[in-house]
Amino acid sequence: MGEPLMPRTAMPTSANWVAGGSRITVHGRTGRHTLFVRQDGPAAGSPVTLVHGFPTSSHNWSLIVPRLAARGHRVITFDLLGFGHSDKPRRHMYSVLEQADLVEDIWRGLGIADTALVAHDYGVSVAQELLTRSPDRITRMAWLNGGLYPDLHRPVRVQRLLHGPLGPLLARAVTERGFRTTMRQVLGRPVPGGDLHAMWESIRHDRGHLLAPRLLRYIDERRTHQARWVPALEGYLGPTLFLWGPADPISGAHVLARIRQRMPSATVSELTGPPAVGHYPQVEAPGEVAAHLARFLDAW
């Protein structure tokens, strides 16, 4: 049985979400970049870092953050390079490794030594790289739907096309209507049209939708680095939660069998509904996700 369904409130607009943060300069392997960063909750609270996925932004966490902050956590969110309201260099060679560099520099600038880490979609690869580098600084780890195992990742058709040789041309044809159509293919529960519009606004800000072919190189990086990332995932000794939407065609129920086999001591919370949750648990079922995360983070 899943969690009881809770009333779903609307996400704040993209503008309102951005108004609560700031742009800060951080350093990666290719130099200086300016990223959008938010901190919510008490400065002395236990830190928790939320890492978003492709192709959206930290705005995806906007219904989760207030609930964690209200429980006394210091919540850190940001838009990764190339996403949302962070820098979007046009000819950049985007890399998960550099994204991890930038996260580490955010932590350094904010004076964060240890933190809980919550990751979704593209963010799970960033989190796996961070775990590979410094598992001891991650106090506990929560995973939402993402390609933890490259052989189980099933990108939707538009992702495969954008990742292919015609990707740069196809990216110019991507519209909000097309985005909504793709989202409906991967969602298990309906999401208000206003929320989808807010998500699209973050994507198209500074013409960010044109970067999709470059950002989708993370699919190749997952294969390249799986010999490092999978052992980091499976060998992590801290408390681990898999908070999963089984109706996700990309990284859904078919991933859970391996998770349960390889990491039997981890907590698996399957958002079965009805209706079952799909690829965006934090957007489709924010009340349930916030409740699960709060219990997990509070269990020190």
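A word on the model first. This is a predicted model, where local features need pLDDT of at least 70, side-chain atom pairs count only at pLDDT 80 or more, and totals for chains, interfaces and linings use all residues. Residues are numbered from 1 along each chain as its sequence is written, and side-chain values use heavy atoms, with hydrogens and water left out. The pLDDT is the predictor's confidence in each residue, from 0 to 100, and its mean over the protein chain is 95.

Now to strand S7, residues 240–244. Strands here are DSSP runs of E, at least two residues, and helices are runs of H or I, at least four, numbered from the N terminus. Five of the five residues in S7 are buried, so the strand is largely enclosed by the rest of the structure. Buried means under 20% relative accessible area, with a 1.4 Å probe and protein chains only. Thr-240, Phe-242 and Trp-244 point one way, while Leu-241 and Leu-243 point the other way.

What about its neighbours? S7 runs parallel to S6 (residues 138–144), joined by four bridges, and Phe-242 is the bridge partner of Trp-143. Four bridges also join S7 to S8, again parallel. Two strands pair if DSSP finds at least two bridges between them.

Last stop, His-279. This residue sits in the loop between S8 (267–270) and helix H13 (281–284), and is buried, with a relative accessible area of 2%.

Terms used: Buried means under 20% relative accessible area, exposed over 50%, partly exposed in between (1.4 Å probe, protein chains only).
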